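Me: Could you take a close look at one helix in this model for me? I'd like to know which side of it faces in and what it sits against.

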Amino acid sequence: MAKVIQFPGPQPEKFGPIRARKQKKGKGLEKNGQLNLFTGGKVIALHKLSLFEEALALDDHGDLESAKSGYLQAVGAGENVADAYCNLGIIEFQQDHQALAIDYLSRSLEVNPRHFEAHYNLANVYGEIGNFKLAKVHYGISIQLEPEFANSYFNLGLTLAMNKEYKEAVEAIERYIYYSPNEDHSSILAVLDKLKSTL
């Protein structure tokens, strides 16, 4: 039976699923040395939202059944297919349909094997159902795709601790701390001390 390590105090943000968003083309003005004068402004679209964008808006507002229908329509139309499957997987997982969640997230990876959000969310699903071996694999891939995303390291550290791979767990948690310098790490440091004491 696995030993659960309790985290005292507040939990770090965003350790749940990450929705896929329509990928933007190009880079922000700031990356090109220009000051963006329109930050915080409201963009008014002059055209109708795409099927995927409509489903995402419904998803963001908590209308999960309508969002599921919208994502399936987007898939049928060939629009943002990997993203739509990924978000369907998240919804199914939130509704405790783990097998369907794994199916949709896997379909996302069939369309785009380098889909970061699908790997990260699939790792979360596998971690939740206790398949730490597959969770470890998908967290590892998500780290390869987005090496500065701190939450992947934290979740990988927890997964490694559950596998009693304490040395690797310590290294992953230390990477989390490195990539999240603005977070309060007091509760994480307490867990890190407990992990180090097992070495």
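Reply: Start with the inward-facing residues of H8: Ala169, Val170, Ala172, Ile173, Tyr176 and Ile177 are buried, meaning under 20% relative accessible area, where exposed is over 50% and partly exposed lies in between (1.4 Å probe, protein chains only). Looking down the axis of H8, you'd find these buried residues within an arc of 165 degrees, so they line one face of the helix; the arc is taken from the directions from the helix axis to the C-beta atoms. Lys167 and Tyr178 are exposed residues on the face of H8 turned away from the buried side.

By the way, this is a predicted model: local features need pLDDT of at least 70, side-chain atom pairs count only at pLDDT 80 or more, and totals for chains, interfaces and linings use all residues. Residues are numbered from 1 along each chain as its sequence is written, and side-chain values use heavy atoms, with hydrogens and water left out.

What do the buried residues of H8 pack against? Their partners are helix H7 (150-162) and helix H9 (186-197), with contact meaning heavy atoms within 4.5 Å.

As for length, H8 covers residues 166-179, and its 14 residues should span 20 Å at 1.5 Å a residue, which agrees with its end C-alpha atoms being 20 Å apart. That expected span is 1.5 Å times one less than the number of residues.

Zooming out, the protein has 9 helices and 0 strands, counted as DSSP runs (H or I, at least four residues, for helices; E, at least two, for strands) numbered from the N terminus. Of its 199 residues, 39% are buried.
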